[in-house]
Amino acid sequence: MSDKSVEDYEREHRRLLEQVIAETRETADLTGCSKLSEPVLRALAAVPRHRFVPPAQLAWAYADTPLPIGSGQTISQPFIVALMTELLALDSRSVVLEVGTGSGYQTAMLASLARRVYSVERIPALAEAAERRLRELGVDNVEIRIADGYRGWEEQAPFDGIMVTAAAAEVPPALVRQLKPGGRLVIPVGPPQRSQDLRVIGKDESGASHSHSVLPVVFVPLVRNLEG
Ligand code: SAH
């Protein structure tokens, strides 16, 4: 547990924002993104990360690192969450699919930027905890489903943006199919337990897709079966 006050968390949250802004600038040569947009910065400032980490991790809630959230999964590093959100280029009309709800932290960021967020998580305990947190924070434009996100969410497709927060061995074809023309898919691609390639896949108005690599990243694997 942590005996930090609201003011302590607010101070640490502000420091984290500064760190993320600096890291964005320092990685610009690699990522092509030197500055986070105002809406993404506002979303990063608005979502209280300490509400998404387990009690044992509260001391590090505003550290710019991934943290364990149980079931062998992690809440992502805030810099990576901010960068991936920026790369999706959402606006207030966007309908988004997220694969890998986890703690719900990234979900909350997406929900504050987009019109509607559909999020898929394969581990029921994580999906239920995330749903509860989002409800407590008054986030009401998110729907979470317990399923294999490799197949996307056919009934709600197509999407303006799709974000995958687990590493896939290859880009799931269903996700590319479920993207609107003009939409973007942000996904780490590569082998588990090693560094992967964060990719942005865009679909142009003619329906053709094109991909570029942004940054080496390390994510937990996208697991195909629902159990185990
Ligand atoms: N964005 C989350 C990251 C969680 S880690 C956060 O910041 O909290 C990745 C998540 O993807 C894990 O919760 C894991 O259970 C989930 N996941 C892995 N494979 C999946 C699949 N095929 N479908 C849905 N969720 C999956």
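Analyst: Happy to! A residue counts as exposed when its relative accessible area is over 50%, as buried when that area is under 20%, and as partly exposed in between. With that scale, glutamate 136 counts as exposed because its relative accessibility is 53%. Please keep in mind that this is a predicted model.

The structure holds nine salt bridges, and glutamate 136 takes part in one of them, with arginine 51 as its partner. In this pair the N to O distance is 4.0 Å. The two residues belong to distant parts of the chain, 85 residues apart: glutamate 136 is in helix H6 (residues 124-136), while arginine 51 is in the loop between helix H3 (38-46) and strand S1 (67-70). Arginine 51 has a relative accessible area of 37%, so this residue is partly exposed.

Another of the bridges joins aspartate 148 to arginine 224, with 3.4 Å between the closest N and O atoms. Aspartate 148 lies in the loop between strand S5 (142-146) and strand S6 (159-164), and arginine 224 lies in the segment after strand S9 (209-217), so this pair ties together parts that are 76 residues apart in sequence. Here the two partners fall into separate classes of cover: aspartate 148 is buried because its relative accessible area is 6%, whereas arginine 224, at 42%, is partly exposed.

Aspartate 8 forms a salt bridge with arginine 11, and their closest N and O atoms are 2.9 Å apart. Both residues lie in helix H1 (residues 6-26), with a spacing of three residues, or about one turn of the helix. An α-helix has 3.6 residues a turn, so residues three or four places apart point the same way. As for cover, aspartate 8 has a relative accessible area of 22% and is therefore partly exposed. Arginine 11 is also partly exposed, because its relative accessibility is 41%.

To put the three side by side: aspartate 8 and arginine 11 share helix H1, glutamate 136 and arginine 51 link distant parts of the chain, and aspartate 148 and arginine 224 tie together parts that are 76 residues apart.

Note on methods:
Residues numbered from 1 in each chain as written. Predicted model: local features only at pLDDT ≥ 70, side-chain atom pairs only at ≥ 80, totals over all residues. Heavy atoms only, no water. Salt bridge = Lys/Arg side-chain N within 4 Å of Asp/Glu carboxyl O. Helix = DSSP H or I, 4+ residues; strand = E, 2+ residues; numbered from the N terminus. Buried < 20%, exposed > 50% of the residue type's maximum accessible area, 1.4 Å probe, protein only.
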